[in-house]
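Colleague: I would like to learn how to read a model like this one. Could we go through it feature by feature?

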Amino acid sequence: MAKAGKSQEEIASEAIKHTLRALRKRHLLEEAAHAPAVLALSRPIVSQGSEWKEKEENLQVELQQCYKAQSRLSEQLVVEVAESRASKALLQEKENALADLQKELTELRDECSQLKVDLEEKIKSLEVIVSENSELKAQLEQMTIKANKAEAENKMLIDRWMLEKMKDAERLNEANALYEEMVEKLRASGLEQLARRQVDGIVRQSEEGAEFFLESNIPSICKYRLRAHEGGCASMLFEYNSSKLITGGQDRLVKMWDANTGSLSSTLQGCLGSVLDLTITHDNRSVIAASSSNNLYVWDVNSGRVRHTLTGHTDKVCAVDVSKISSRHVVSAAYDRTIKVWDLVKGYCTNTIIFHSNCNALSFSMDGQTIFSGHVDGNLRLWDIQSGKLLSEVAAHSLAVTSLSLSRNGNVVLTSGRDNLHNLFDVRSLEVCGTLKAMGNRVASNWSRSCISPDDNHVAAGSADGSVYIWSISKGDIVSTLKEHTSSVLCCRWSGIGKPLASADKNGIVCVWT
Amino acid sequence: MSEAQKQVWKGAIPLQIHLHESEVTTLPPPPPALVLAPRIGYLPLLISLLKPQFSTTLPPGVDTIWFEYKGLPLKWYIPTGVLFDLLCVEPERPWNLTVHFRGYPSIVLLPCEGEDSVKWSFINSLKEAAYVINGNSKNVMNMSQTDQVELWGSVLNGNFETYRRVASKLKLGTFEDEYMENVSSVLVKSSQSTGDTDVTGQLKTGRIPVRLYLWTVNEEFDDFEDAPQIDNWDKVSYINRPVEIYKEDGKYFSLNDAVKRILPEFFLENSFVTDGDANINQSGEEGESSSDPGSCCNTLEIAEIKLVRIQGIEPILDIPFSWVVNNLMNPEYFLHMCVCLKVSKANAVQ
């Protein structure tokens with residue numbers, strides 16, 4: 001039993017020892033064998049863990065930086081969005097401007113094409129004009145050649161004219177000598193006549209004209225219709241106590257007609273301007289014409305030559321008259337505000353009257369010492385021919401005076417004005433003794449001429465309507481109206497022997513009424 | 001004794017864990033993870049080591065970790081060492097496992113929701129063991145929160161000293177002194193030890209919580225290399241039965257006795273004491289020579305113990321059971337044993 005007990009205890013202890021050894025062996029096989037390998041492997045894992053931590057930290061830092069960058073970028077984005085919006089607005093404006101500019105460009109292109117068309121047209125016109133210019137140059141050369149020839153011819157003509165003038169001067173000197181002789185003879189005969197008149201008085205005077213005196217009758221029929229001048233006929237007169245008619249026109253001609261036959265007897269040439277007024281000496285030897293060329297021309301009726309050319313006026317001469325009793329003194333009025341007195345014997349101006357108002361009409365008094373002048377201001381003035389002083393004046397018309405006519409007896413002067421009135425003034429008292437007017441009678445121009453009949457009982461005046469009105473002075477009323485002219489009547493003249501009556505119009509037509 | 005417990009606590013199994021190819025989304029596939037898993041630990045607790053290594057290749061979804069060995073899902077509530085002893089008849093080191101993070105097999109495995117599930121499984125096992133030993137769970141239930149956390153932490157970290165300090169409060173380790181003294185007495189004083197044993201046996205009679213994983217085979221095989229593979233859990237019987245130690249005069253309660261007591265249906269002769277003794281002797285004789293005429297006696301027995309494995313070792317069946325309990329017990333006070341029985345065809349027919 002004790003042996004059995006020992007053996008059991010031994011068995012148990014051996015089993016326990018065996019178990020412990022088995023545990024140690026298992027340990028060696030499992031933990032001890034593999035722990036180093038697992039540790040070695042886990043070290044990288046642990047280090048990787050630390051590395052991962054470092055990476056995480058780095059990534060977090062980067063993340064923070066990214067957040068900062070993102071916020072910065074967000075701010076930039078906001079700014080850029082605003083800028084983008086502004087840029088879009090600007091772009092819209094630019095697009096609108098671009099559209100406008102394109103529109104404008106289109107219009108300008110159209111305009112440019114139009115201008116090109118115009119340019120082509122103008123180029124064609126230019127070619128035409130250039131060809132015309134070349135032709136004109138050729139013509140200019142021809143004209144230059146002609147001008148040179150004409151100049152040479154003119155020079156030759158001037159030389160010949162100078163020779164002719166010298167000859168005329170010589171003839172004039174001869175004429176002057178003859179004239180002086182005749183003047184001496186005339187003075188002697190004058191004295192004889194003067195003595196005879198002073199003795200007989202009225203009888204002598206009456207006897208002198210008795211053979212030609214006839215009572216004036218009122219004309220009613222147009223006997224002749226003369227185409228006297230080209231252009232207007234503004235001046236006209238009859239020779240003293242004859243039927244010979246003298247007319248002056250714008251064609252610078254003075255023509256002489258036989259009123260009884262209506263034929264042209266002669267033509268006086270040499271006037272360089274329009275003939276504005278005419279007068280004739282009492283001996284019917286010299287005709288004096290007022291010209292628009294500022295000159296007065298004196299013709300010898302018999303020879304038809306110019307004896308004098310009176311120069312001195314600086315503007316057109318519109319009125320002229322010669323003394324009734326002598327052939328020496330001539331008075332003229334021009335539009336340079338001057339009235340000049342000329343001596344035909346000496347051939348130059350002896351006196352000049354200057355007045356502010358231009359003179360339209362002139363007339364010598366019967367005694368040859370006083371001048372009647374009608375002015376643009378409507379006044380009638382009287383001047384002393386010797387001293388040139390104003391003697392008297394009267395307001396004859398409200399408008400310009402156009403005509404003066406002295407009666408045969410020398411006591412009454414007829415004035416016509418642009419107020420369409422015809423007034424009769426007493427020469428001594430300058431009082432109005434009659435006014436003649438008619439409904440249709442209108443003065444045609446500043447130089448329309450009216451006249452008194454030789455018997456001093458009728459007045460004839462032309463009108464703008466082409467009619468000739470005849471008034472009776474005693475009755476103060478129209479006695480007849482003559483209608484033949486087709487234009488304004490500028491001048492009426494009554495023959496000194498009572499008939500015929502002549503009227504001239506703007507178209508150069510002269511009617512002879514009987 | 002102390003050495004044995006330290007070895008048990010420090011025991012670790014080298015695992016080579018592969019990620020299942022159905023869950024690999026990168027090329028090349030990630031290398032396997034080589035880790036040392038504590039034997040007294042549990043597989044889901046390895047997620048803290050595996051997740052960092054495999055997370056970069058996982059497909060999107062919720063991670064639920066589970067393991068398989070040769071197509072067999074591993075039960076997570078069984079300690080790692082027990083699984084290894086049970087499934088690797090011939091130990092392979094490192095043990096090659098496959099880890100999954102998707103497709104949890106809910107039909108086969110209990111759901112595991114992380115460390116908390118493992119912890120409560122441990123605590124429940126502890127309560128069960130306390131009930132077996134003391135007849136109630138009062139000591140475990142009265143444990144403070146801090147003690148619970150500390151106890152569980154020591155298990156997690158493999159801290160044996162802290163565990164022993166906290167576990168002593170449970171007053172569950174009363175068998176230790178007896179058998180320790182018994183062993184030392186053997187070495188020093190033979191007579192005195194006998195007396196002590198008798199005294200101790202008379203004072204303390206207890207039950208021991210045991211979990212037996214029984215694997216029965218029908219074929220005869222000479223080497224474990226030729227043993228058939230466990231391909232499903234139906235081939236393993238899980239027996240949770242307490243063992244009471246009976247002291248007989250002059251004899252100790254051995255591991256062999258414990259196994260036969262746990263499995264009475266396989267060992268009918270166990271009721272006869274004399275026959276039992278004869279069986280033990282005959283078993284030893286069989287070991288010595290294979291042509292022993294004693295085989296005629298074997299025909300009387302129904303089953304034959306081929307293998308008994310505890311904590312990775314195969315102790316001699318004559319070892320005192322009390323020593324085994326005191327030294328090879330798991331932290332939750334259960335003794336896990338893996339047993340392989342060869343059952344004869346005649347017995348099967350019967």
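Colleague: Among contacts in chain A between residues at least 6 apart in sequence, what share joins residues at least 24 apart?

Modeller: This is a predicted model. In chain A, 44% of those contacts join residues at least 24 apart in sequence. The secondary structure of chain A comes to two helices and 28 strands.

Colleague: What part of chain A is buried?

Modeller: Of the 514 residues in chain A, 37% are buried. The accessible surface of the chain is about 30200 Å², and carbon and sulfur atoms account for 54% of that surface.

Colleague: How many disulfides does the whole structure have?

Modeller: The general idea comes before the count. A disulfide is a covalent bond between the sulfur atoms of two cysteines. A search over all chains finds zero disulfides here. C222(A), for instance, is in none, and its nearest cysteine sulfur, that of C511(A), lies 4.1 Å away. The cut-off for a disulfide is 2.5 Å. C222(A) is partly exposed, at 22% relative accessibility.

Colleague: Now a strand. How many residues of β11 in chain B are buried?

Modeller: Strand β11 of chain B covers residues 335-343, and nine of its nine residues are buried. L335(B), M337(B), V339(B), L341(B) and V343(B) point one way from the strand, while H336(B), C338(B), C340(B) and K342(B) point the other way. Both sets are buried.

Colleague: Which way does β7 of chain B run relative to β11(B), parallel or antiparallel?

Modeller: The two strands run parallel, and eight bridges join β7(B), residues 210-217, to β11(B). One of the bridge partners is L341(B) in β11(B), which pairs with T216(B).

Colleague: And how should I read a helix?

Modeller: An α-helix has 3.6 residues a turn, so residues three or four places apart point the same way. Take helix α6 of chain B, residues 145-157. Its 13 residues reach 18 Å from first C-alpha to last, close to the 18 Å expected. The buried residues of α6(B) include D147(B), L151(B) and V155(B). Just after the helix, G158(B) takes a positive phi of about 70 degrees.

Colleague: What is the mean pLDDT of chain B?

Modeller: The mean is 70, and 69% of the residues in chain B reach 70 or more. In residues 174-205 of chain B the pLDDT is below 50, and beyond near neighbours in sequence that stretch has 31 contacts in the model. Residues 269-300 of chain B are also below 50, with 15 such contacts. Where pLDDT is low, the predicted coordinates should not be read in detail.

Key
Residues are numbered from 1 along each chain as its sequence is written. Chains are lettered from A and ligands numbered from 1 in the order in which they are written. This is a predicted model: local features need pLDDT of at least 70, side-chain atom pairs count only at pLDDT 80 or more; totals for chains, interfaces and linings use all residues. Side-chain values use heavy atoms; hydrogens and water are left out. Buried means under 20% relative accessible area, exposed over 50%, partly exposed in between (1.4 Å probe, protein chains only). Helices (H or I, at least four residues) and strands (E, at least two) are DSSP runs, numbered from the N terminus. Two strands pair if DSSP finds at least two bridges between them. The expected span of a helix is 1.5 Å times one less than its number of residues. Contact means heavy atoms within 4.5 Å. Accessible areas come from the Shrake-Rupley method with a 1.4 Å probe; for residues, only the protein chains shown count as cover. pLDDT is the predictor's confidence in each residue, from 0 to 100.
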